[in-house]
Amino acid sequence: MSTSLRSLRTSPGRPAAERATAGPTALRRRLAELRGPDVPPRPLDARALAALAANPGCRRRALLDGAGVDKAALARALGTPAAFGQSQFAIARGNAFEARVKADGGTELVRLLHAALPAGQAPEPPDAVDAPDLSAAGPEGRTARTALALREATAAGRWALLDHPMLALTVAGTPAYLEPDAVVVHPDGTWTVVEIKSFAMIDGAADAAKAGAAARQAAVYALALETVAERLPGPAPEDGRVRHEALLVCPKDFSNLPAAALLDLRKQRATTRRQLGRLTRVEEIAAALPPGASFAPDRPAAELTAAVEAVDAAYAPDCLAACELAFHCRDRARAEGDVRHLGRNVRSGLGGLTTVEAALAAARGDHPSDAAELPSDASDRPSHAAEPPDGPEDPAVAALRRATALRAEALAAAGFPKEEADACR
């Protein structure tokens, strides 16, 4: 592929009428072309869907995940392999902790949930918990068996624990099979998602970033449970059958004893539902690619780079812990001087100054041309003007100049030579 990056970005793609009339079969065929011939789609899991919800403005990840592209293999082919992943020790430790939490058939786990619930929301803790058998052949069979077990447990009106149920959630026209750690059925017929993690809960509180990631993952499971709840006969509870709180179970302090806390999922569920709605329009993103574009890892690196760069990304440092392509996107953001590689807080604080060069120029009081032009259709990146915002009416420019003056004054007061202090302006 000899098409340049600029021509890829400006390719009109297929006509709008053709895109409008393309059905699910055409979409699946197009996504298969993007993966490469005979490359099976990589199934979506809850972690991937949660990562999508955490960065809803990234069209690149939406397309790659919607097409089932193996992003780890793609990153290796681009020469920027992902340098993160969970260690085998951490996986073994997590499995051992989960086995301990569920060792008594789930009774202790349900007692932890009962203790975390507000007073008056649950009857007395149980002496025994129903644990239906969920074994079946294949993911479709396990999904059907889970739906039947949820219906039977709800009708029984007793505490029940479903250990590693299988749920299905339709994403971009194809089912994604998800497996939460557990789902608890309450005597009142409501359901709670359980997330068991191996990171510690110190003094009753878990790390905010890790707890947030667990909440986003639990929100994906809650959305999948909603599809099961919609098919149950009879009236649903007033607030819905799937509870708005998930139970997070972690080791207590520095021991291996379990501690639990409730996670509010309402914001995460709304965000994830919105992002999944964007994935249903993944064909619109794919239609902007030129004919013959492919993300198959056996393509030459230059062709893969052009195809990847043809789709807008919304890089942030958080991507390094959640996306296999993050190192490639970071390198590109740095090369373009994009301020987003410094973090979302810096990006939002700089307002219309979208490049490092423009921010430094504004701090010095210069008026450089902001020539780097980024697409304006991404949700979190404004279009560039010919010059960065300037003048005292722009709060970002005023704050930068004030910070530069204060730093120069501090250096001068500390005895640095005047030339060095003035260089900070």
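What share of the contacts in the protein chain with a separation of 6 or more do residues 24 or more positions apart account for? The share is 65%, where a contact means heavy atoms within 4.5 Å.

## Basis of the report

This is a predicted model, in which local features need pLDDT of at least 70 and side-chain atom pairs count only at pLDDT 80 or more, while totals for chains, interfaces and linings use all residues. Residues are numbered from 1 along each chain as its sequence is written, and side-chain values use heavy atoms, with hydrogens and water left out.

## The chain as a whole

The protein chain contains 18 helices and nine strands. These elements are DSSP runs numbered from the N terminus: helices are H or I with at least four residues, and strands are E with at least two.

Of the 425 residues in the protein chain, 44% are buried. Buried denotes under 20% relative accessible area, exposed over 50%, and partly exposed in between (1.4 Å probe, protein chains only). The chain exposes about 20900 Å², and carbon and sulfur atoms supply 54% of that area; accessible areas come from the Shrake-Rupley method with a 1.4 Å probe, and for residues only the protein chains shown count as cover.

## Two loop residues with positive phi

Most residues other than glycine have a negative phi. His164, although not a glycine, has a positive phi of about 50 degrees. His164 is located in the loop between strand S1 (160-163) and strand S2 (167-171), and it counts as partly exposed because its relative accessibility is 26%.

Asp253 is likewise not a glycine and has a positive phi of about 50 degrees. The loop that holds Asp253 runs between strand S8 (245-251) and strand S9 (258-264). With a relative accessibility of 27%, Asp253 counts as partly exposed.
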